[in-house]
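User: Hey, can we go through this model together? Here it is.
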There are 4 protein chains.
Amino acid sequence: MDELGIGLIGTGFMGRAHALAFHNASAVFELPLKLRLVALADADTHRAESCARAWGFEQAYGDWQQLIDDPRVGLVAITTPNHLHFPMAMAALAAGKAVYCEKPLAVDLDQATRMRDAARQAGVITRVGYNYQHNPTIDLARELIRSGELGEIVGFQGEFSEDFMADPASPWSWRCEAQHAGGALADLGSHLLAMARHLIGDITAVCADTRTVHPQRPASAGSRETRPIAVDDQVHALLRFANGARGTFSSSWLKHGYKNHLSFEISGTRGTLAFDQERLNELRLCRVGQSGFQRLLAGPDQPRYAAFSPAAGHQLGYNELKTLEVQALIEALAGQGQTGTDFEEAWQVERLATAIRQAAREQRWVDVSEF
Amino acid sequence: MDELGIGLIGTGFMGRAHALAFHNASAVFELPLKLRLVALADADTHRAESCARAWGFEQAYGDWQQLIDDPRVGLVAITTPNHLHFPMAMAALAAGKAVYCEKPLAVDLDQATRMRDAARQAGVITRVGYNYQHNPTIDLARELIRSGELGEIVGFQGEFSEDFMADPASPWSWRCEAQHAGGALADLGSHLLAMARHLIGDITAVCADTRTVHPQRPASAGSRETRPIAVDDQVHALLRFANGARGTFSSSWLKHGYKNHLSFEISGTRGTLAFDQERLNELRLCRVGQSGFQRLLAGPDQPRYAAFSPAAGHQLGYNELKTLEVQALIEALAGQGQTGTDFEEAWQVERLATAIRQAAREQRWVDVSEF
Amino acid sequence: MDELGIGLIGTGFMGRAHALAFHNASAVFELPLKLRLVALADADTHRAESCARAWGFEQAYGDWQQLIDDPRVGLVAITTPNHLHFPMAMAALAAGKAVYCEKPLAVDLDQATRMRDAARQAGVITRVGYNYQHNPTIDLARELIRSGELGEIVGFQGEFSEDFMADPASPWSWRCEAQHAGGALADLGSHLLAMARHLIGDITAVCADTRTVHPQRPASAGSRETRPIAVDDQVHALLRFANGARGTFSSSWLKHGYKNHLSFEISGTRGTLAFDQERLNELRLCRVGQSGFQRLLAGPDQPRYAAFSPAAGHQLGYNELKTLEVQALIEALAGQGQTGTDFEEAWQVERLATAIRQAAREQRWVDVSEF
Amino acid sequence: MDELGIGLIGTGFMGRAHALAFHNASAVFELPLKLRLVALADADTHRAESCARAWGFEQAYGDWQQLIDDPRVGLVAITTPNHLHFPMAMAALAAGKAVYCEKPLAVDLDQATRMRDAARQAGVITRVGYNYQHNPTIDLARELIRSGELGEIVGFQGEFSEDFMADPASPWSWRCEAQHAGGALADLGSHLLAMARHLIGDITAVCADTRTVHPQRPASAGSRETRPIAVDDQVHALLRFANGARGTFSSSWLKHGYKNHLSFEISGTRGTLAFDQERLNELRLCRVGQSGFQRLLAGPDQPRYAAFSPAAGHQLGYNELKTLEVQALIEALAGQGQTGTDFEEAWQVERLATAIRQAAREQRWVDVSEF
């Protein structure tokens, strides 16, 4: 079996999530490639070393360029803050390495376009971490849609809201800066846009309205000094899909009561399905002729669930979606599958977010092909 | 105690609902006026007579003008199809009678405007049957908003969907004709617009998208002949409220799984509340500092619930909302209250629906004050 | 059409509920008898008179025996405190009148037996107000069971809990006295026992455990004087049904979070259904081959729902269950139906409650036929 | 840091679950011991070898005694069918090794008693895989109870039902044999008994009723030959807790609609909490003074959740409960904690199940101390 050398950049929460996912993907699945945890990079060399030891990487680097240059590394995984995605991915692509980058792809559409073009030119496998799509429950939703069981898809109501910025005393962070892809739309909404495309397909036109509810926030936790905030606290939009479906889109990071409310209802001429990430193992489905919604629990009928548990109702967790993302990536690298969001598709999501911002700014419908 | 003579026009489902409501309002509440069921009108004289007997009206009329002219009648209740609201209400207002008209007020904004103007001129009490607003659960929602317990209101997600036209074989009816105030927006959506105004206040601008999913329907049940359909099967919109809140609005009459899904989430800087008419006795509420939603069951803390049951959890039904609407009307007639939707407010709802249609037709934001 | 003279005893919450139900049953249904509200009795003559006027009764009595003796009265409705059911029902039966008595039938099994025997001898129609059984949702549940759609019924989990005595400062009342049929078992549990019999049939043996959690309560609201409490605050039991099904039974009046939680799950070899009175218009159903529960909303497929609303999802309220109980009673009086709980069946419920108390007292299984 | 050598017996679903858990516990937590995956045993040597490679064990054994004898092994993990727990655990204890055994502890109380005694004598750390207790949501439930926030605990309603034997064509397996600890009580109910003890404490007396609904099942899948079944398909019981609480207990493996319905409601004088394993990241809570249940999502306030995710609502899965079980075990081995079910406590669960079987057989209340 061929071996794939993994180089991971970043040791934060997402860095550890990647490390766990590489481990678990090998243990849970019979992968077509043998994974070798070659190197871990962090600007803090000491931290790089202790994490490398704890997570089973052979080597630590303080300089990420060295990791990319390491000839044993075949796949570069990027889990750093958003503004570093661009230089790291561009360097990895220049070196002809496969790239696995956390979302969002970039901090603006220009960067994203250059990354997409570089990936095209390099001809390597790329993936972006829209991990919610790798949920077996979502596989089931997609099957129901693709098979025509819901009939023609006509409606979409989507919302991704959380409450982590609800408190006006929640301080400024890089997430509050437009030039770092900040705001509820970039941070949360992009997941929902990717999901809408994953399930229903191209979106051709958008109209939108955004608002910064708290235009000043403390410069840091507890500080009396404030910083002005320019990014959206909430965004509402209308979506027109290429297949004729229409829908609404909402995202907020200051909605009390929600912790991870990536939710949608998709309605067709023969049925409706509903999902909420806060109950990620469930789907609600009403087929034509039924009088009400039925609860479907993810189970071993979905092969990607079966790998984890032989019985329905035992539930996967958030971290296992990451393991599934890695599995899909490794299969793609072995030429055995195409599941997952590549730079081409991630660019589409960035374009859509850009169109939504434009529509909000100019208070008009925007044709997505303008970008 | 003064007596109020009731004249009721129409003997369909809503006619009977009114008759029951007049009975029950007297039995449940200590009303300030004694209600006398004077006359019932239906074009079918025979039906008028048998219903008058069954429902306890003193007299039956085949001609509604005679009912209006009857000097014993002080309040004219109109429950006929939409296109008759205008002539009946205008005649009643001309006769100086109070008017209680089913929703929607009229079949177009021009009619609605004339009705509003006539009501202003007549100086009588008018009411329009937006009965969902008379739910004690909605009273509670409104209190929570008015008292500031949710903080500044910033977001609204509203949807009113049903499935009764989901089957493409569901035949044409007057509800499918624009000139009879047809379509999902008029039939269902208007309730949600009225509710949004009831809870949050004026809406200043809208953008919208409508679609006729099934542009042909059987001319009648089972017929092979079809008729073209021009009204909306579904509508999606963005709303801007005068107080700065923003939101989404959806309505469909072909969404599988829903029977009476007038639902909304209203979020503020200090909390979120959610409601679904399919569980009309419940509110979900999350206050700042709480980690999740709490279920509130309507109970006797709400005076209008207490009139029906001394204990929470015993639940009111749809018909009792009508009884509460009548109670509010009678109190208004006795000069003791202002609760309920008068022609002035119902005109606002018609104006809003008109703006939404315009926004959809012209694919642009529409300032509601254009109308 | 024949006329039936109604005599109603009691003007409390249940008295008014009866009065409303007689009104509404006539308006909602085409009853086989014309109802005439002849007389209303209350020991407080003044109150009897004012309620008679408000509720439309022709005459008021201060002495209930006079009401029973009134030759115009054909049906005597009893809504007084429990200990008066016995003398009033016995007098009415002695006079050959039909009897409609609130639940529980009597304060002990001896009384109940004498009432049942008197009813047998009188040969009149009797009914006891187990109104929850008249819910169209329960009709649907019963159909699903009777038709065999759930297969052989094997399991029952039932609970009726509320919280109205949860506060140890909730004072003593007659409900706390065994000789007035007090305690959670009598007050709440009897409804659930009646429901279990209604849906699954005879119960042959029981084992039980009761507990008085707060053995002292204030003598009255706010009083520092206390009274000892002997009745059960909560009861748990095992049930064996004649058809082989087994199950658990719980009732408590001090369980926080519940207001009217008469709930059950009934499982068979081909499906499971679940119900909760706090959402009285819904049933959850899982049929063999389905992977999860489906929500069924009561709708016009159920004839007794259709009488109130032509569309599902519009919901009936608690008071309408009373209207349906009256309808069933009037049909029985006209020889057109047998729906409802007569004294024979209500005696079965009393016997069962007696067996449960005995089982708890002696800490052993009790064969219900011991009583 | 000291090193702990792990020897794992069994390569089935639970074997892999253990292997993953050892990996993940090291990556997710800063464990006080360094785990070394020394050896994996399976009677099928070939399988032992391939799994050892895939899961990262240094050596494979075909003979489990050799694994126990391997001096590098300090902890023996047992994941074989139930009847092998006894010989393996006894051998490991005899060798002075720590033991981590899957549930149930043994196939009868006699075995369990000998295992407990051997563990006492060996003086080593033992653990049994009641993994549901390691859920951070359950930690939260326990805190709420222990802190007195629910007041005095008075009621327990517990049920653990699934549907995997609902089909009468589901064939015989060792789970259908009493001598292998078969039946719904042993397979499912034991988890709920362990949970009841974990949360509320000792149970002193039980009464119970069991039933074999399908007394014949196919000898194997699709076979026309049948085998008689003697174990319980469902069990219902009453429980009396040492602290005065009372409750009901149900378990079934043929209840349609449920996949992993380990559920309970625990009510106290100051609140009620409810849990369902099918939504393992949620708790429903109603505190005194609140009118309804609130949904609590597990989040980083619980330290054992925080180790996996910095944000609430991201959810743990079934497999992560196993990781948490391993973490607790390793801490106990390092002398840093006592969390988890040792042989002493697992024996209590077996004793309780034995008392329930006796109570059902003899149809009487059984004092648990009889055993």
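User: What order do the six strands of the open sheet in chain A come in?
Analyst: The order is S3-S2-S1-S4-S5-S6, with parallel pairing. Strands are DSSP runs (E, at least two residues), numbered from the N terminus, and two of them pair if DSSP finds at least two bridges between them. Keep in mind this is a predicted model: local features need pLDDT of at least 70, side-chain atom pairs count only at pLDDT 80 or more, and totals for chains, interfaces and linings use all residues. Residues are numbered from 1 along each chain as its sequence is written, chains are lettered from A in the order in which they are written, and side-chain values use heavy atoms, leaving out hydrogens and water.
User: Which strands stand at the edges?
Analyst: Strand S3 (59-61) and strand S6 (126-128) of chain A; each has a single partner strand, so one side of each lacks a neighbour in the sheet.
User: OK, switching to the interface. How many residues of chain B are in contact with chain A?
Analyst: 48 of chain B, against 48 of chain A, where contact means heavy atoms within 4.5 Å.
User: And how many salt bridges between chain B and chain A?
Analyst: Eight, counting a side-chain nitrogen of Lys or Arg within 4 Å of a carboxyl oxygen of Asp or Glu. One of them joins Arg211(B) to Glu152(A), with the closest N and O atoms 2.8 Å apart.
User: Which strand gives the largest share of chain B's side?
Analyst: S7(B), with six residues.

Key:
Helix = DSSP H or I, 4+ residues; strand = E, 2+ residues; numbered from the N terminus.
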